[in-house]
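Morning, everyone. Here is the structure for today, so please have a look before I start.

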Amino acid sequence: MSTVGSGEATELWLRWKRAHETIRAAVVAETTTASGVSEPELSVLVCLHESGGSLRQNALAAALGWDRTRLSHLLTRMTDRGYVARDKVPNGMEVALCPQGRQVLDATLPTLETATRRHLLDRLGPDDAKTLKALVDRLLSGTGSN
């Protein structure tokens, strides 16, 4: 249960939002400039890579938290660029990472790592980074500390 007083929750939210947006914008700008792909394209490539190279289209939309129509339009562009392939399967579509998409991802990940270190981790101490990871993991799991 939170011990944050009245008005403090709003202040914390606004600070969290500002920090997130500032760091995210810096990391995304460096990464997309170096890779030549948009942030949404990179998100799809990373998600497919983390899932072993392929996912059902509806599972990909759910994993990214995106509307299926938005994802479908993006996948059409990514298919045209040779980054992904879509195949009709029973009850849906399977999206697979293509060699060109894997090459883009492999070339981009070092820049993403460097930018994340520069704009986030280098601003934190080693214990701070561990604490932040634990807090983010707790937030993502939906569990609290009672």
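Let me begin at one residue. Gln57 touches Leu71, Ser72, Leu75, Arg86, Met93 and Val95, leaving aside residues up to four places away in sequence. Contact here means heavy atoms within 4.5 Å. Gln57 lies in helix α3. Gln57 is buried, at a relative accessible area of 14%. Buried means under 20% relative accessible area, exposed means over 50%, and partly exposed is in between, with a 1.4 Å probe and protein chains only.

A word on the source. This is a predicted model, where local features need pLDDT of at least 70 and side-chain atom pairs count only at pLDDT 80 or more, while totals for chains, interfaces and linings use all residues. Residues are numbered from 1 along each chain as its sequence is written, and side-chain values use heavy atoms, with hydrogens and water left out.

Now the whole chain. The protein chain has six helices and three strands. Helices (H or I, at least four residues) and strands (E, at least two) are DSSP runs, numbered from the N terminus. From that end, the order is α-α-β-α-α-β-β-α-α. The C-alpha atoms fill a box of roughly 55 × 35 × 25 Å, taken along the principal axes. Of the 146 residues, 23% are buried. Take the contacts between residues at least 6 apart in sequence: 55% of them join residues at least 24 apart.

Next, the core. Which residues touch the most other members of the largest nonpolar core? They are Val44, Leu45, Leu48, Leu60, Leu75, Met78 and Val84, out of 20 residues in that core. At least two residues each come from α2, α3, α4 (68-80), β3 (92-97) and α5. The largest share is from α2, with five residues. A nonpolar core is a set of buried Ala, Val, Leu, Ile, Met, Phe, Trp, Tyr and Cys residues joined through side-chain atoms within 4.5 Å. In soluble globular proteins, nonpolar side chains tend to be buried together.

Take Leu45 as one example. Beyond residues up to four places away in sequence, Leu45 touches Met78, Tyr83, Val84, Leu97, Gly101, Val104 and Leu105.

Another buried residue is Thr108, at 2% relative accessibility. Thr108 sits in helix α5. Its contacts, not counting residues up to four places away in sequence, are Thr31, Ser35 and Leu42.

On to the pockets. How much space lies in the largest pocket? About 1500 Å³. A pocket is found on a 1 Å grid over the protein atoms alone: it is an open set of points where a 1.4 Å probe fits, with protein on both sides within 12 Å along at least five of seven lines, and lining residues have an atom within 4 Å of a point. Grid points are joined across faces, edges and corners, and the volume is the space filled by probe spheres set on the points.

The largest pocket has 35 lining residues, and the closest to its centre are His20, Ile23, Arg24, Leu120 and Val136. Two or more lining residues come from each of α1 (8-35), α2 (39-50), α3 (57-64), α5 (99-119) and α6. The largest share, 10 residues, belongs to α1. By class, the lining has 20 nonpolar, nine polar and six charged residues. Ala, Val, Leu, Ile, Met, Phe, Trp, Tyr, Cys and Pro count as nonpolar, Asp, Glu, Lys and Arg as charged, and the others, Gly among them, as polar.

Ile23 is in helix α1. Setting aside residues up to four places away in sequence, Ile23 touches His119, Leu120 and Arg123.

The second largest pocket holds about 170 Å³ of space. Its lining is Thr116, Leu120, Leu121, Ala129, Leu132, Lys133 and Val136. Helix α6 gives the most, with four residues.

So what about α6 itself? Helix α6 (residues 126-141) has 16 residues and reaches 23 Å from first C-alpha to last, close to the expected 22 Å. The expected span is 1.5 Å times one less than the number of residues. Just after α6, Gly142 takes a positive phi of about 80°.

Last stop, Asn91. Asn91 is in the loop between β2 (84-89) and β3. Is Asn91 buried or exposed? Exposed, at 77% relative accessibility. The phi of Asn91 is near 65°, a positive value in a residue other than glycine. Most residues other than glycine have a negative phi.
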